[in-house]
Amino acid sequence: MVLFFLTYVTSFVAQNRIQGFVKDSVTGEPLQNTNILIKSNEGKLLDFTFTNAKGFYKKDLPNGHNVLYVEVSIISHQKKVKFLEVSDIAQKTFNIDFALKKRVDELDEVYIEGEKRPISVKQDTTFYNIEKF
């Protein structure tokens, strides 16, 4: 009876939720499989999720933290962090959308050098390059 009562009471504890969309800032296209990291004020990772094919995410927030940071990142775009102040008193859904800028990384000129292997196989014949031994 006591176990049932505790289960019943804890089901009514306020559970805050975060949800929203992640899109490209220029094209407005949704960004699929974007990392959504929920971190404490100290920077400790508390929870995470990913966006779906429509760029949408939804996650219950961990209890016991009044200040959270939501970090959104994907390799093709610049990371973005937003501050979130949470109250454990009332249940609330926070709608936070992100628009990420495309990451522009350019490499200098790349030189590729190589050597012929000392042993090569073509179909059923093995060739040995004696000079490489």
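I started with Asp24, which is buried yet has no salt bridge. The nearest side chain of opposite charge is Lys102, 5.2 Å away. For me, buried means under 20% relative accessible area, exposed over 50%, and partly exposed in between, with a 1.4 Å probe and protein chains only. A salt bridge needs a side-chain nitrogen of Lys or Arg within 4 Å of a carboxyl oxygen of Asp or Glu. On charge, Lys and Arg count as positive, Asp and Glu as negative; His and the chain ends are not counted.

This is a predicted model, so I kept its limits in view: local features need pLDDT of at least 70, side-chain atom pairs count only at pLDDT 80 or more, and totals for chains, interfaces and linings use all residues. Residues are numbered from 1 along each chain as its sequence is written, and side-chain values use heavy atoms, with hydrogens and water left out.

**Asp24, continued.** I placed Asp24 in strand β1, residues 17–24. Not counting residues up to four places away in sequence, Asp24 touches Glu29, Leu31, His77, Leu100 and Lys102. Contact here means heavy atoms within 4.5 Å.

**Overall layout.** I found 1 helix and 10 strands in the chain. These are DSSP runs numbered from the N terminus: helices are H or I with at least four residues, strands E with at least two. Of the 133 residues, 23% count as buried. Among contacts between residues at least 6 apart in sequence, 53% join residues at least 24 apart.

**The open sheet.** I traced an open sheet of 4 strands, in the order β3-β2-β5-β6, with antiparallel pairing. Its edge strands are β3 (45–50) and β6 (77–85), each pairing on one side only. Two strands pair if DSSP finds at least two bridges between them. I counted 6 bridges joining β2 (residues 35–40) to β5 (residues 67–74). There, Asn35 stands opposite Ser73. Another 5 bridges join β2 to β3, where Ile36 has Thr49 as its bridge partner. β2 and β3 form a hairpin with 4 residues between them. Gly43 in that turn has a positive phi of about 95°.

**Salt bridges.** How many does a search of the whole structure find? I got 3.

- Asp60 and Arg17 meet at 3.0 Å, N to O. Asp60 lies in β4 (residues 56–60) and Arg17 in β1, so the pair ties together parts 43 residues apart in sequence. Asp60 is partly exposed at 34% relative accessibility, and Arg17 is partly exposed at 30%.
- Glu71 and Lys39 also meet at 3.0 Å, N to O. The pair links β5 with β2, 32 residues apart. Glu71 counts as buried at 12%.
- Asp47 and Lys59 have their closest N and O atoms 3.6 Å apart. Asp47 is partly exposed at 22%, and Lys59 at 24%.

**Ile96.** Is Ile96 buried or exposed? I read 11% relative accessibility, so Ile96 counts as buried. Ile96 sits in the loop between β7 (93–95) and β8 (98–100). Beyond four places in sequence, its contacts include Ile18, Phe21, Tyr57 and Leu84.

**Aromatic pairs.** My search of the whole structure gave 3. One is Phe48 with Phe50, edge-to-face, 5.9 Å centre to centre and 80° between the planes. Rings of Phe, Tyr and Trp (its six-membered ring) pair if their centres lie within 6.5 Å; planes under 30 degrees apart are stacked, over 60 edge-to-face, the rest tilted. Phe48 is partly exposed at 43%, as is Phe50 at 42%.
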